[in-house]
Amino acid sequence: AQQFLWPILRLGDVVDDYERAKAAGSRVQGVLSRDPAVSDRPDASALEVTNGAVTYDDVRFAYSRETVLSEIDFAVEGGTTVGVVGPTGAGKSTLLKLLPRLYDVDDGAVRIDGQDVREVTLQSLRKSIGYVSQEPFLFYGTVAENIRYGTFDATKDDIEEAARRAQAHEFIENLPSEYDTLVGERGVKLSGGQRQRLALARTMLKDPAILVLDEATSAVDTETEAIIQDRLAEFAANRTTFVIAHRLSTVRTADRILVLDDGRVVEDGTHEALLETDGLYANFWRVQTGDIASLPQEFLERALR
Ligand code: ATP
C-alpha cells in the first residue's frame, strides 16, 4: 500500500518504457543514432571536458508538433548529483536524451563546460557520457566483449577490474566459460541483476565524466539493488550525475532535485528545501512514505484522473 498512488501515475507507460529504455541504452552507448538530423557539423571539434558542468539554456523540444519540454533553464556544476523526478510523461527521459544528442533541441542550447553539444563530435560527446538504463542492452558476444563495448583499448585486466568493482566478477567466474561465455540473444541466459551488473561494469570501464542513471528498479532483487546502488554512489561521487528516479528515496541525498511536470521544471532544490516548499515533490513524498491521509484533495483528484 506504500506505493499506492505512484503506480497509478505511471500506469500505461510501463511496456513502452521498457522499449524506450532499451533503444536509448543501445544508442547512447555508441551505436550510431538513427535520427538523420543528428550528425557531426563539418567544423565539429572534440568535446573537452574540464569540470563536467552542464547547462540547459532556455531549451524547448518537441518530438513532432506537441512541445514536450519548454523553458528548461538550469546550470549544474561539475561533480554534482542531480535527481530528476516527476509524474510519468513529464519529460524526464527526454530531458536527458538531449545531453548525448539522441535528439537536438528546437530552441536554446545544451552545453557541457560551455560547449554546445551540437558543435562537438558525436563520438567525443558520447564517450564522455555513461548511460545506465533500466533494461541494459547486451549483444550476442562474450561477457568480456560486452563489458569492453566501445572501450577498445581496454585490456583483459581492465575488464576484470571493472567487473570486480561492479560486483560481477564472482558470477562471471561461475559461468561455463567465464569471461568467454557467450551472452545476449542466443547465449547463456542471465538474470536481470546479472545483466545490470555487466552494464555497470561496462560503464565503469568507460569511465565517463558525466553519468546518467535511469533508475534501475526492474528485475533486480532487493539485495542486488542495494549493492548496485552502493557501487553507483561510489562511482558517481566525483562526476556529474543525473538520476532519473521513480522512487524518491533514490534521490533523497542528491545535491539537487529537479521536479518536472508537463515539460517544465516546476521545483528545484534539495530534498529538505522541496519538502519546505510543500508542492508537488512534497506530495509525492507523502505518497511514497504512506502519508496519504494528509494529501491535498486536488493532488488526489489529479492522481486518480
Ligand atoms: P516516465 O516516467 O514514464 O518514464 P518521462 O517523464 O521520462 O516519463 P518522457 O519519456 O520524456 O517522460 O516523455 C515525455 C513525453 O514525450 C510523453 O508525452 C511521451 O509520450 C512523449 N514521447 C516520449 N518519447 C517519444 C518519442 N520517441 N516520440 C514521440 N513522443 C515521445
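Good morning. With 23 C-beta neighbours inside 10 Å, arginine 101 counts as buried, where buried means that 20 or more other C-beta atoms lie within 10 Å of a residue's own, exposed means 12 or fewer, and partly exposed means in between, with C-beta atoms placed from the backbone. This is a predicted model, in which local features need pLDDT of at least 70, side-chain atom pairs count only at pLDDT 80 or more, and totals for chains, interfaces and linings use all residues. Residues are numbered from 1 along each chain as its sequence is written.

Let me stay with arginine 101 for a moment. Its place is in the loop between α3 (92–97) and β4. Helices (H or I, at least four residues) and strands (E, at least two) are DSSP runs, numbered from the N terminus. The phi of arginine 101 is near 60°, a positive value in a residue other than glycine. Most residues other than glycine have a negative phi. Glutamate 71 also has a positive phi, of about 50°, although it is not a glycine. Glutamate 71 sits in strand β2 and, with 14 C-beta neighbours inside 10 Å, counts as partly exposed.

I turn now to the protein as a whole. Its secondary structure comes to 12 helices and 12 strands. Of its 305 residues, 39% count as buried. Two residues are in contact if their C-beta atoms, placed from the backbone, lie within 7 Å. Among contacts between residues at least 6 apart in sequence, 75% join residues at least 24 apart.

In what order do the strands of the open sheet of 6 strands stand? The order is β6-β9-β10-β3-β11-β12, and the pairing is mixed. Two strands pair if DSSP finds at least two bridges between them. β6 (129–132) and β12 (264–269) stand at the edges with a single partner strand each, so one side of each is left without a neighbour in the sheet. Neighbouring strands of this sheet are turned by 20° against each other on average, direction ignored.

Within this sheet, β9 (residues 210–214) and β10 (residues 240–244) run parallel and are joined by 5 bridges. Leucine 213 stands opposite valine 243 in β10. β3 and β10 also run parallel, with 4 bridges joining them. Here valine 84 stands opposite isoleucine 244 of β10.

Is β10 mostly covered or uncovered? β10 is mostly covered, with 5 of its 5 residues buried. Thr240, Phe242 and Ile244 point one way from the strand, while Thr241 and Val243 point the other way.

Helix α11 (residues 280–288) lies across β3 (81–85), β11 (256–261) and β12, running at about 95° to β11. For such angles, axes are lines fitted to C-alpha atoms, for helices over the stretch in contact, and the angles run from 0 to 180 degrees between N-to-C directions.

Valine 84, leaving aside residues up to four places away in sequence, touches Lys92, Leu95, Leu96, Phe242, Val243, Ile244, Leu258 and Leu260.

Helix α8 also meets another helix. The axes of α6 (residues 156–165) and α8 come within 8 Å and cross at roughly 125°. That makes α6 oblique to α8, since angles under 35 degrees count as roughly parallel, over 145 as roughly antiparallel, 65 to 115 as roughly perpendicular and the rest as oblique. Asp158, Ile159, Ala162, Ala163 and Arg165 of α6 make the contact with Ala201, Met204 and Leu205 of α8.

Another set of strands deserves mention. β1 (residues 54–62) and β2 (residues 67–76) pair in the antiparallel sense over 6 bridges, and they form a hairpin with 4 residues between them. Phenylalanine 61 stands opposite leucine 69 in β2. β1 is also joined to β4 (residues 107–112) by 5 bridges, and these strands run antiparallel. The bridge partner of threonine 55 in β4 is arginine 111.

With 16 C-beta neighbours inside 10 Å, glutamine 229 counts as partly exposed. Glutamine 229 and glutamate 215 are 14 residues apart in sequence and 9.7 Å apart in space, C-alpha to C-alpha. Thank you.
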